[in-house]
Amino acid sequence: MMNIRALVLRAAGTNCDVETAYALQQAGFSADRVHVNRLMENPGMLGDFQFMVVPGGFSYGDDVAAGKILANQMLHRLAEPLNQFVEDGKLILGICNGFQVLIKSGLLPWGHVEPSSAGADATLAWNDCGQFVDRWVHLSCDSDKCVFLPRGEVIALPIAHGEGKFVPRDESILTKLQSADQVALRYCDESGHVGGFANPNGSVDDIAGICDPTGRVMGLMPHPERFIEITHHPQWTRRNIPRADGGIFFQRAFQYLCRK
Amino acid sequence: MHRVEVWTKSTFGDPHAEGVFSHIRELGIESVSAVRSARLFFLAGELSDADVRRVARELLADPVTEEFRVGASADDRTRVIEVHLQPGVMDPVAASAENAIRDMGVKVQAVCTGRRYELVGDVSDNERQTIATKLLANAVIEDFYFQAHTPPESQGHSYELNVVEVPIRDLDDAGLEKLSKDGDLFLNLTEMKAIQDHYRAQGREPRDVELEMIAQTWSEHCGHKTFRSDVRMKDRHGKVVEEIPNLIKSTIFSATRELNKPWCLNVFEDNAGVIEFDDDWAVGFKVETHNHPSAIEPYGGASTGIGGVVRDPMGTGLGAKPFANTDVFCFGDTTMDLSDVPAGALHPKRVMRGVVSGVRDYGNRMGIPTVNGAVYFDDRYVGNPLVFCGTAAVMPKSKCTKQRPNPGDAIVCVGGRTGRDGIHGATFSSGELTHEHETEFSHAVQIGNAITEKKVLDTILQARDEGLFSCITDCGAGGLSSSVGEMGEKIGAEVHLGRVPLKYAGLSYSEIWISEAQERMTLAVPRENVERILKIFADENVEATVIGTFGYSRNGKPALKLYYNDANVGELDMEFLHDGLPRPTKDATWDVDPKASPVPPVKDNYNDTLLKILAAPNVASKEWIIRQYDHEVQGGSVIKPLVGAAEDGPGDGAVSRPVLGSNRGVALACGMNPHLGDLDPYQSALHAVDEALRNVVAVGGDLERTAILDNFCWGNCNKPDRMGALVRAALACRDAALAYSVPFVSGKDSLNNEFQTNDGKTIAIPYTLLVSAISVVPDVTCCVTGDAKKAGNLLYLLGETRPELGGSHYLRVEGIETGNDVPPVDLAANLKTMRALQKAIAGKLVRTCHDLSEGGLAVAAAELAFSGGLGVEISLTNMPTAADGLAAKLFGESAGRFLVEVEPEKASEFEKCFVGLACAPIGKVTDAGRIVIDKNIDVTINDAKSAWQGTFDW
């Protein structure tokens, strides 16, 4: 087995790091949970890893805005190594609060950490219902280039967030994302019909996750690390669940990096 | 000071402002037609206008949804309220922003935050005042202004040492009582006399801090005086019929001791009860209440309630990692007319919203899934809402037993800073609430910050795994006074209060010692480990300070010595502190005549009754609450709180896997029935135990590896009837534990839940006992849920249905006055049923299992049917019953019963498990979408589900 190393970045208030590291290990990675303070002390350590995951939680208590403070640290303390990381063809995944961090640092949608433009083209706003929601959703995997996803499949994952409504700055940004195949995941019903009641938070174009132009940086609101066992599924006592869909994200990342 | 206002663009919704608007409506203020709000940031330092704009653009405002303004908006457009933190109060957002601005390369000296509200409409001055005080500003930490306000740059007042002595030696009885009352000590005359005797013997007067510490240690909250009292049980003529020494020892503790389970690893003496999970791991469980603070400030009270109970397992053994939270609430009727709410109490709906949000924000931020709970409603909770918060946690078996510090260990205070919040919380919770408490005791409400606690948890687990400390406990009620006092009970301690990190200047030594500021833990650290452990905390920005040393004695006896800077400000003998409390004797009586419930007339059809019970607040769906809680974080979820085809049916118990990679699990569930407590506290308590156990067994728990917790919330137990009810319930706990062979491992009581209205009336809560169960599940892949699975499968009813309607929801919704004939619980029979069912579930013979509780068979059948999206067809002819009344068969609430779905091919093997027990096939699952019970009930699952979901469709 190849030794491929994943870094699970944590900060004050991160709370999905342990199960995310576990999911990575199940997929074959050697996974380290690393506090952002250590990374800022020694940014060069990023070079030892092939995959960085920014997990869910409430980094810095969502002070100022969700994911904002950790994103600010990336922008002003870690920009160079992160941009190098992306340039080197490595992978980045942001889950829930991690997605918010990637958006606010500029890693999404355009794959580049850049203080003057970060966050200008899209955001994750408050859910339309105005409160935190935990429920399971179905998702349509819509991107060919996103390395984490099986295109064309419908998968199930749980969401648990208050601020997950994806909002592009304007129509032109949305068109740009769509035409560049960056709209990776969309809320749908069990049979794959996108939108309507299946959209839990009012996201524009029913977007649950996007990737950067390379397909190697991805962010999503649902939690793949919460569906890596059959018994995670809310209906496993009712019917046969053929596959734990969340595991796919980590397995595909591992396969991609093995091939590389 | 540079002022930046951040406003939501008009094209986007502002949920914060919308929330405030709806709460204003709940206050009954109709003049406000809209609310706008802005976040305010004040930047101090030599910043250029360009710097300020850059910070605003890149950091403070979201470029897509928000816009900013530098400088203040005009105040004349609308009615303005600005809310600012009081000078010196810790401001986590400001601290984060300050660091972030420095990261941007901008030199900022300090940051403050605030919020501006603009009320649109013809709002009177009175109304604006009400909105500011009742909704927007917390008087403990915040100030409000009716125009743009710029905070001053100063930092609170400093404190000049003034050692206060309190003369007590020469006081007469009246003087002692006055001292207790004026000092908010909540001690009675006997106790005050014991203190007086002690200081007479010492030949000196006590210092204020000593008196405070004694009052806190001896408070009902910390000392559990009522439960430890000797009881004289009397009949109605005043004749003593039974004497019970030390109530808790004679009942609950004695049962646990008698059962003597080897897998009970740490019971009653630590902050949580601990049982074995597997060869390597142990699990702890604790349930606490935070009632009085939640009555005054629901959001803050409930969030610090969950914050407090989370610290209990963190402070058990050498520290455990929480993996599941539970919450149980009791509120007044949420549809109560505003004019019926007594002065000084908040409207139940406002309390409920605040409590739910508080638990949500704290639990979600901590990353602990909230997996199980319940909500009960009764008008008598209006002045005393109850908030039970529970935490289950996992720790290495080798580190799970109660520890003591060693002499010479450093006392290390870790986590949040100490402020004036939460002063007198322990003593305050030991008294009754009155209509004036809202203002008098606002300082008793603590202020929580979940991220601070999360950081403490992260680092404490690292320090534990490196073996760096010898003992740990949480700083809860009573603060440092309580934690250091308890840890140092046998060896004494010296503490330097001037070294305790403060939120702001100006606290006296006494306030520092008793403050209940949140998110603090106290550790005993061997000197050689101090440097290493401080580095672990510093590495993750957790404040940790050595404030003293364990080990101090005076005249050969362990004592506590307190310093402020170099001055000795207090000294107290540990033995007197911990053993000097006189054990009271309490009179109790429970002598009531039996009163049978009427036999209701037979009706042709019970469709409406079923729908009414499903919609009853105690039964109705709590999905509105459950969805706001993250119930899956940590990746261990197996059985969720909502189950079924649409993932919205009721779950009996929750199952989690605390150790990732292991198929062993833990089931958590609860049982409670306050309306039975009124009628018969003994049977009510048996029902609570039975229900908690039914719920864990129903999902696949192992009864042989199940432990239970008690939480008693009662009225004033100086009144013999309240005390009598408490005794009856405690006796029932003992009897149920012994009969089911299920030990209690932890418990807590909250007494004096009575409310004095301004017209002199007393509202006492119903006798409320929460029983929480924790059960090891050997293999989670055998777990079952309560939603119907497949048409054609057989339905079995387990347990006997007797002609019992006393205290039932049936009588309640039909408006028939109940007697006090609560259905007696048949402990022996129920144990056999549960053991047999457990075997059947483990043998994978059971497809679905749902326990029968509120509303009996008909409600359980309806829930099973609609959550499965299927139907049921049931005939009562076969049911194991001694009841002849139709209502009792359909809706009676006899304990010990389950409705079970079995595949036809497994029927005979299933039946073999129940030979000689009450078990009978009573129908089958259908795909007709109807709940059909003989000719008496025929309701569509859609109607049933709508009724069940409609009550709290908020």
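**Entry 1: B:Arg802**

I began with the contacts of B:Arg802, leaving out residues up to four places away in sequence: B:Pro823, B:Ala882, B:Ala883, B:Gly892 and B:Ser894. I keep in mind that this is a predicted model.

One of these contacts made me check the distance. B:Gly892 is 90 residues from B:Arg802 in sequence, yet the two C-alpha atoms are 7.6 Å apart.

Where does B:Arg802 sit? I found B:Arg802 in the loop between strand S35 (794-798) and helix H25 (809-814) of chain B.

**Entry 2: domains of chain B**

I looked up the domain assignment next. It gives domain 1 (2-145), domain 2 (207-245 + 403-434 + 453-582) and domain 3 (599-615 + 784-954). Between the centres of domain 1 and domain 2 of chain B, over C-alpha atoms, I read 38 Å.

**Entry 3: a sheet in chain B**

I then followed an open sheet of six strands. Its order is S3-S1-S2-S5-S4-S6 in chain B, and the pairing is antiparallel. Which strands are at the edge? They are S3 (66-70) and S6 (142-145) of chain B, each pairing on one side only. Neighbouring strands in this sheet are turned by 25 degrees against each other on average, direction ignored.

I picked one pair to inspect. S1 (residues 2-8) and S2 (residues 32-44) of chain B run antiparallel and are joined by six bridges. I traced B:Arg3 to its bridge partner in S2(B), B:Phe42.

Last, I checked what packs on the sheet. Helix H3 (residues 92-103) of chain B does, touching S2 and S5 (110-121). The direction of H3 makes about 120 degrees with that of S5(B).

Technical notes. Residues numbered from 1 in each chain as written. Chains lettered and ligands numbered in written order. Predicted model: local features only at pLDDT ≥ 70, side-chain atom pairs only at ≥ 80, totals over all residues. Domains from an automatic or database assignment. Helix = DSSP H or I, 4+ residues; strand = E, 2+ residues; numbered from the N terminus. Contact = placed C-beta atoms within 7 Å. Pairing = 2+ DSSP bridges. Axes fitted to C-alpha atoms, helices over the stretch in contact; angles between N-to-C directions.
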